[in-house]
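Here is a short briefing for a reader who is new to this structure. Please look over the chain before turning to the points below.

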Amino acid sequence: MIEELLMAAAGAGAAVAVYAGVAARVVKQYERGVVFRFGRLRDEVRTPGFTMIVPGVDRLHKVNMQIVTMPVPAQEGITRDNVTVRVDAVVYFKVVDAAEALVRVEDYKFAVSQMAQTSLRSIIGKSDLDDLLSNREKLNQGLELMLDSPAIGWGVQIDRVEIKDVSLPETMKRSMARQAEADRERRARVINADAELQASKKLAEAAQAMSGQPAALQLRLLQTVVAVAAEKNSTLVLPFPVELLRFLERATPGPEGRDAAAAQGQEATPPPISSAYLKGAADAAAGVEPVEDLTGASVEPAPREEGSA
């Protein structure tokens, strides 16, 4: 009798152990357990830890609640300003309702991926090239709103969307490079012209200050000579003073001055002749021998002989 009881107890214990091994489940910290009993969803979502189900009756599905990083394949499109681009992005999302993620959509990851590709192509068509290159933060927010609206009904929350790279055709890259080069050259010319204007103003002030002291110009000329000679050059360039040219111009009367003097009945006085010049002219005249006059009558012809015809 006792042996039969012991055998029955052992059999019951073995059956309980087998049942516990089949019914026992462990849900990890980053997971949630959704139970279907005879195909019907149980209201209770199993929390992390040890849990039990009815073998053969219940089905436990574990749903990952971590943030999923999903790269969006590169999408080609034409922007609003008719430029062909290739854009790729990345989507960060997580499941906030495990039951809805299993019931509402067949495969929530695939659904989010397809929706992200469609929304990215839509964003490309609505945006300009400059916005894709420089105003990505605004485009990221718009793309996030487009993905988050339908994903909420699936028990999925879009955490963040980022546009990673924008690929342009080589011709467009060269055009943009030429545009940037032209813009920088324009700014360089404006800066150079502004510098020339400021320098001209300072030089005008310096010239005005030097005009009051004529010796200042000579000192500046000597400083320039010293600066040029300091370079150890074999050729020294001496600038010709402009004031000397002006002095010579005032000292020598031009054609206009002579015409004006003639109109007034005044003759221009000849320059004085030195005594040395007069003495040299007299000596030269005394050393020349007089030449006979060769302008006499013509020579008479010789008389003809009697026998000549």
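Accessible areas come from the Shrake-Rupley method with a 1.4 Å probe. On that basis, the chain exposes about 23,500 Å². Carbon and sulfur atoms supply 57% of this area. The model is a predicted one.

**The chain as a whole**

- The chain has 309 residues, and 19% of them count as buried.
- It holds 10 helices and eight strands.
- Take the contacts in the chain with a separation of 6 or more: 65% of them join residues 24 or more positions apart.

- Three strands form an open sheet in the order 3-2-5. Their pairing is antiparallel.
- Strand 3 (40–46) and strand 5 (58–64) are the edge strands. Each of these two pairs on one side only.
- On average, neighbouring strands of this sheet are turned by 30 degrees against each other, direction ignored.
- How many bridges join strand 2 to strand 3? Strand 2 covers residues 31–37, and four bridges join it to strand 3. The two strands run antiparallel.
- Gly33 has Arg46 of strand 3 standing opposite.

- Strand 7 spans residues 84–95. Nine bridges join strand 6 to strand 7, and these strands run antiparallel.
- Gly77 has Val85, in strand 7, as its bridge partner.

**Ser119 in helix 3**

- Helix 3 takes in residues 108–126, and Ser119 is placed in it.
- Is Ser119 buried or exposed? Ser119 has a relative accessible area of 6%. The cut-off for buried is under 20%, so Ser119 counts as buried.
- The Ser119 side chain reaches the backbone oxygen of Met115 at 2.9 Å.
- Set aside the neighbours of Ser119 within four places in sequence: Ser119 is then in contact with Leu143, Met146 and Leu147.

**Tyr19 in helix 1**

- Tyr19 is found in helix 1, which runs over residues 2–23.
- The relative accessible area of Tyr19 is 43%. Partly exposed residues fall between the buried limit of under 20% and the exposed limit of over 50%, so Tyr19 is partly exposed.
- Which residues does Tyr19 contact, leaving aside its neighbours within four places in sequence? They are Ile53, Val54 and Pro55.
- Tyr19 and Val54 are 35 residues apart in sequence. In space they are 8.8 Å apart, C-alpha to C-alpha.

Key: Residues numbered from 1 in each chain as written. Predicted model: local features only at pLDDT ≥ 70, side-chain atom pairs only at ≥ 80, totals over all residues. Heavy atoms only, no water. Pairing = 2+ DSSP bridges. Axes fitted to C-alpha atoms, helices over the stretch in contact; angles between N-to-C directions. Buried < 20%, exposed > 50% of the residue type's maximum accessible area, 1.4 Å probe, protein only. Polar contact = N/O pair within 3.5 Å; in protein donor to acceptor, adjacent residues only side chain to side chain. Contact = heavy atoms within 4.5 Å.
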